[in-house]
Amino acid sequence: MRIILLGPPGAGKGTQAKLLKENFNLAHISTGDLLRKAVADNTIIGKTVKSYMDKGNLVPDNLVIELLKERLSLQDINCGFILDGFPRNVAQAQVLDKVFRDRNLNIDYVIYLKADAPVIIQRLSGRRVCSKCQANFHITNMPPKKEGICDNCGSHLYQRNDDKVEAIKNRLKVYLKETASLIGYYLKQNKLFEMDANFPAPLVFEKIKNVFSNPTRIVLPDP
Ligand code: AP5
């Protein structure tokens with residue numbers, strides 16, 4: 001199974017991708033995670049992309065495409081995969097289409113997670129991430145047992161620079177300007193499944209599983 005998760009920041013793409021990975025044994029490919037690793041490792045790409053990411057802007061296409069192609073060359077994708085955070089604009093989607101055509105692959109589902117701005121801001125501004133194992137917590141929705149400390153490994157929790165309110169607002173603007181047009185792009189390809197992601201994560205996951213058992217695509221009306 002090959003899945004693209006589409007949706008605004010904070011819609012729950014990463015959360016649903018982890019559930020899909022665990023339940024369906026798929027590789028989870030998050031370009032955000034790949035980029036954050038490049039920043040943490042202080043690679044040449046990492047040094048270039050940090051300021052884009054901190055402000056909530058998209059990093060240049062050529063850099064993210066390079067990382068993605070490298071990731072798609074690993075063996076684990078043969079069992080199927082979830083793309084979380086890629087593509088982010090039509091140019092990236094076209095590159096992806098070409099990569100898949102060249103490899104005789106196709107995307108089975110594009111799951112569009114829809115969430116409202118107040119929900120997104122609440123989720124992202126309260127998120128805290130473990131500095132070591134990257135586990136996610138939330139100051140009210142999912143607080144750690146001890147404030148500021150990871151339940152899993154005892155390391156310190158931090159707030160992503162792009163989870164500060166100004167950066168979140170910019171990410172939402174960037175989403176509308178650059179990414180939202182992908183809804184029409186995949187609608188035309190007859191691959192889009194839309195769902196309300198304002199609900200708790202387990203409920204959203206149930207809806208995704210329903211799509212697999214009863215795929216009702218959104219079909220464009222005849223012109
Ligand atoms: P990326 O890491 O992809 O960030 P994002 O898309 O902005 O998404 P998030 O991870 O913040 O949100 P999400 O939808 O995955 O939600 P999550 O499950 O994590 O990208 C970061 C940056 O990298 C970009 O801004 C850009 O600079 C760069 N980048 C990445 N890909 C790129 C590309 N292709 N091209 C160019 N630049 C690129 O959940 C968020 C929070 O909400 C968590 O605390 C979670 O616990 C909580 N939550 C999730 N679901 C629920 C729920 N149903 N109910 C309650 N809480 C929930």
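How many bridges join strand β1 (residues 2-6) to β4? There are 4, and the two strands run parallel. Before going further: this is a predicted model, where local features need pLDDT of at least 70, side-chain atom pairs count only at pLDDT 80 or more, and totals for chains, interfaces and linings use all residues. Numbering starts from 1 along each chain as its sequence is written, and side-chain values use heavy atoms, with hydrogens and water left out.

**Overall picture**

The protein has 9 helices and 8 strands; these are DSSP runs numbered from the N terminus, with helices being H or I of at least four residues and strands E of at least two. A compact globule of 223 residues would have a radius of gyration near 17 Å, and the protein agrees, with 17 Å (taken over C-alpha atoms; the globule rule is 2.2 Å times the number of residues to the power 0.38). Along the principal axes, the C-alpha atoms fill a box of roughly 55 × 40 × 35 Å. Of the 223 residues, 44% count as buried, meaning under 20% relative accessible area with a 1.4 Å probe and protein chains only.

**The parallel sheet**

Back to β1 and β4. They belong to an open sheet of 5 strands, in the order β2-β3-β1-β4-β8, with parallel pairing; two strands pair if DSSP finds at least two bridges between them. At its edges are β2 (27-30) and β8, each pairing on one side only. On average, neighbouring strands here are turned by 20 degrees against each other, direction ignored (axes are lines fitted to C-alpha atoms, for helices over the stretch in contact, and angles run from 0 to 180 degrees between N-to-C directions).

Strand β4 (residues 109-114) is mostly covered, with 5 of its 6 residues buried. In β4, Y112 stands opposite L6, while I111 stands opposite F193 in β8. Here are some pairings from both sheets:

| Strands | Sense | Bridges |
|---|---|---|
| β1 and β4 | parallel | 4 bridges |
| β4 and β8 (residues 192-196) | parallel | 5 bridges |
| β5 (residues 127-130) and β6 | antiparallel | 3 bridges |

**The antiparallel sheet**

An open sheet of 3 strands has the order β6-β5-β7, with antiparallel pairing. Because β6 (136-138) and β7 (157-158) stand at the edges with a single partner strand each, one side of each is left without a neighbour in the sheet. F137 in β6 is the bridge partner of R128. Helix α6 (residues 117-125) packs on this sheet and touches β5 and β6, its direction making about 35 degrees with that of β5.

**The cores**

Which residues have the most contacts inside the largest nonpolar core? They are F81, L83, L96, Y186 and L192, in a core of 35 residues. (A nonpolar core is a set of buried Ala, Val, Leu, Ile, Met, Phe, Trp, Tyr and Cys residues joined through side-chain atoms within 4.5 Å.) Helix α4 (residues 61-72) gives the largest share of this core, 6 residues. Apart from it lies another core, of 23 residues, including Y109, L172, A197 and V211. As for L83, leaving aside its neighbours within four places in sequence, its contacts are I3, I4, L5, I29, L68, L96 and F100.

Key:
Buried < 20%, exposed > 50% of the residue type's maximum accessible area, 1.4 Å probe, protein only. Contact = heavy atoms within 4.5 Å.
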